[in-house]
Amino acid sequence: MNLTDIANYRYSTKEFNSNKKIPEPEFQQILDLLRFSPSSVNSQPWHFLIATSKEAKERVSKGTQGVFKFNEAKILDASHVIVFCAKTEIDEQYMLHLLASEERDGRFAEPAHKDMMHAARAMFINIHRYDLKDVQHWIEKQVYLNMGTILLGAGALGIDGLPMEGVDKPVLDQEFGLREQGYSVVGVLSLGYRADTDFNAALPKSRLPSEEIFTFLP
């Protein structure tokens, strides 16, 4: 596997082949990546809505009406659609839930390590809650880390994708009752296979040159 080749192959797919579906074994790997993506202090402040049927994708497409109509077909024609949701709060109950999960998975070599992990996680969350006052923005950063993981992983599997912020997030929050569950939509990711007629597939990538974006420190 050559990561440079994968990065060059991957692009923002503008038109999907609606007749080509992602095989189940490949999509299971996508689901595994969603679970195993990194997050700050292992906070995992996310939830994912998976749409594979025509009816489910139509529900997601309700977020592309009006000003976002240009994204409707990119949801309806995709093989699979993932709605990325962020928690609206990380409270003590959730932190204890994480701690219990980590303990079940054998993360604590010594009993004292459990208390240390809880204190460290609370410290970082409270920095963002009380000092920086950007806790929701910080939570959403973790979700974007996950989306980036999926884009590269999908490219490695030969699966095309399109991340979209161009959706009506309040509409989707309401459609799926997310706020009542303690979540809110961050973005949508369509996955599938590029159509032969996708204009963007034929265009070269454009990135700033290496000498402009890299500084090798002495």
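Helix 5 gives the most to the lining of the largest pocket, contributing 6 residues. Helices here are DSSP runs of H or I with at least four residues, strands are runs of E with at least two, and both are numbered from the N terminus. A pocket is an open set of points on a 1 Å grid over the protein atoms alone, with protein on both sides within 12 Å along at least five of seven lines; the points are those where a 1.4 Å probe fits, and lining residues have an atom within 4 Å of a point. The structure is a predicted model: local features need pLDDT of at least 70, side-chain atom pairs count only at pLDDT 80 or more, and totals for chains, interfaces and linings use all residues. Residues are numbered from 1 along each chain as its sequence is written, and side-chain values use heavy atoms, without hydrogens and water.

The largest pocket holds about 430 Å³ of space. Volume is the space filled by probe spheres set on the grid points, which are joined across faces, edges and corners. The lining comprises 17 residues. Nearest the centre lie Arg35, Asn42, Gln44, Ser101 and Asp105. Helix 2 (24–36), strand 1 (46–51) and helix 5 (92–104) each supply at least two lining residues. By class, the lining has 7 nonpolar, 5 polar and 5 charged residues. Nonpolar covers Ala, Val, Leu, Ile, Met, Phe, Trp, Tyr, Cys and Pro; charged covers Asp, Glu, Lys and Arg; the others, Gly among them, are polar.

The second largest pocket has a volume of about 190 Å³. Its lining has 13 residues, with Tyr11, Asn200, Leu203, Pro204 and Lys205 closest to the centre. Here the classes are 5 nonpolar, 4 polar and 4 charged.

On the surface, Leu208, Ile213, Phe214 and Phe216 form a nonpolar patch. Together they have about 500 Å² of accessible area. Patch members have over 30% relative accessible area and no salt bridge, and nonpolar side chains are joined within 5 Å. Ile213 lies in helix 9 (residues 210–213).

Gln142 belongs to helix 7 (residues 135–156). Gln142 counts as buried because its relative accessibility is 4%, the limit for buried being under 20% (1.4 Å probe, protein chains only). Gln142 and Ala86 are 56 residues apart in sequence, yet their C-alpha atoms are 8.5 Å apart.

Overall, the chain has 9 helices and 4 strands. Of its 218 residues, 41% count as buried. The C-alpha trace spans about 60 × 50 × 35 Å along its principal axes.

Methods. Patches are made of residues with over 30% relative accessible area and no salt bridge: like charges are joined within 9 Å, nonpolar side chains (Val, Leu, Ile, Met, Phe, Trp, Tyr) within 5 Å. Accessible areas come from the Shrake-Rupley method with a 1.4 Å probe; for residues, only the protein chains shown count as cover. A salt bridge is a side-chain nitrogen of Lys or Arg within 4 Å of a carboxyl oxygen of Asp or Glu. Buried means under 20% relative accessible area, exposed over 50%, partly exposed in between (1.4 Å probe, protein chains only).
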